[in-house]
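Here is a short briefing on one protein chain. Please look through the sequence and the 3D structure before reading the points below.

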Amino acid sequence: MPGPAALRKDNHPLAMIARAVFLLVVAGLCFVLLAPSGWMPRVLYSYHLEHFAAFYLVALSMAAARYRANVYRVMTDIAILATVLEGVRLFIPSHQLYVV
């Protein structure tokens, strides 16, 4: 009978690929959010749709990378990541909106 370590699927190649994809998606999201606004191409019609699509991809990749985690834990982690990234964005002068 195999031991408990053999039953775990954490070292399965698909699990490791899912973690690598998650890290790439988060790194891409950080780059796009923190880069100057002229560097980012417009992919969707609305900024809000692009924002939703970006965090939807992060949530899907995090759920795949952390398949053992509870859904509420994944949602909490996404909310924390989004809050931190948007908080960092507040300190970048080119990303601030000045409404007159």
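In which helix is Glu-50 found? Glu-50 is found in helix α3. This is a predicted model, in which local features need pLDDT of at least 70 and side-chain atom pairs count only at pLDDT 80 or more, while totals for chains, interfaces and linings use all residues. Residues are numbered from 1 along each chain as its sequence is written, and side-chain values use heavy atoms, with hydrogens and water left out.

**Overall make-up**

- The protein chain has 4 helices and 0 strands; helices (H or I, at least four residues) and strands (E, at least two) are DSSP runs, numbered from the N terminus.
- Read from the N terminus, the order of elements is α-α-α-α.
- Of the 100 residues in the protein chain, 22% are buried; buried means under 20% relative accessible area, exposed means over 50%, and partly exposed lies in between (1.4 Å probe, protein chains only).
- Among contacts with a separation of 6 or more, 61% join residues 24 or more positions apart; contact means heavy atoms within 4.5 Å.

**How the helices pack**

- Two packed helices are described by the angle between their axes and the distance between the axes.
- Axes are lines fitted to C-alpha atoms, for helices over the stretch in contact, and angles run from 0 to 180 degrees between N-to-C directions.
- Angles under 35 degrees count as roughly parallel, over 145 as roughly antiparallel, 65 to 115 as roughly perpendicular, and the rest as oblique.
- A crossing is left-handed if the near helix is turned anticlockwise from the far one by less than a right angle, and right-handed if clockwise.
- In the classes used below, Ala, Val, Leu, Ile, Met, Phe, Trp, Tyr, Cys and Pro are nonpolar, Asp, Glu, Lys and Arg are charged, and the others, Gly among them, are polar.

**α2 with α3**

- The axes of α2 and α3 come within 8 Å and cross at roughly 155°, and the two helices are therefore roughly antiparallel.
- The crossing of α2 past α3 is left-handed.
- On the α2 side, the residues that meet α3 are Ala-18, Arg-19, Phe-22, Val-25, Val-26, Leu-29 and Leu-33. Their partners in α3 include Ala-54, Phe-55, Val-58, Ser-61 and Met-62.
- By class, the contact of α2 with α3 has 13 nonpolar, 1 polar and 1 charged residues.

**α3 with α4**

- Helix α3 (residues 47-65) and helix α4 (residues 71-89) have axes that come within 10 Å and cross at roughly 135°, which makes α3 oblique to α4.
- α3 passes α4 in a right-handed crossing.
- In α3 the contact involves Tyr-47, His-51, Phe-55, Val-58, Ala-59, Met-62 and Ala-63. In α4 it involves Val-74, Asp-77, Ile-78, Leu-81, Ala-82, Glu-86 and Arg-89.
- The contact of α3 with α4 holds 10 nonpolar, 1 polar and 3 charged residues.

**α2 with α4**

- The axes of α2 and α4 come within 10 Å and cross at roughly 25°, and these helices are therefore roughly parallel.
- α2 passes α4 in a right-handed crossing.
- Val-26, Leu-29, Cys-30, Leu-33 and Leu-34 of α2 make this contact with Leu-81, Leu-85, Glu-86, Val-88 and Arg-89 of α4.
- The contact of α2 with α4 has 8 nonpolar, no polar and 2 charged residues.

**The nonpolar core**

- A nonpolar core is a set of buried Ala, Val, Leu, Ile, Met, Phe, Trp, Tyr and Cys residues joined through side-chain atoms within 4.5 Å.
- The largest nonpolar core has 13 residues, of which Phe-22, Leu-29, Leu-33, Phe-55, Val-58, Met-62 and Ile-78 touch the most other members.
- α2 (13-34), α3 and α4 each supply at least two residues of this core, and α2 gives the most, with 5 residues.
- Beyond its neighbours within four places in sequence, Leu-29 is in contact with Ala-54, Phe-55, Val-58 and Leu-85.

**Single residues**

- Glu-50 has a relative accessible area of 11% and so is buried. Leaving aside neighbours within four places in sequence, Glu-50 is in contact with Met-40, Pro-41, Arg-42, Val-43 and Leu-44.
- Ser-61 lies in helix α3 and counts as buried at 8% relative accessibility. Apart from residues up to four places away in sequence, Ser-61 touches Ala-18, Phe-22 and Val-25.
- Glu-86, in helix α4, is partly exposed because its relative accessible area is 27%.
- Glu-86 and Leu-33 are 53 residues apart in sequence and 8.2 Å apart in space, C-alpha to C-alpha.
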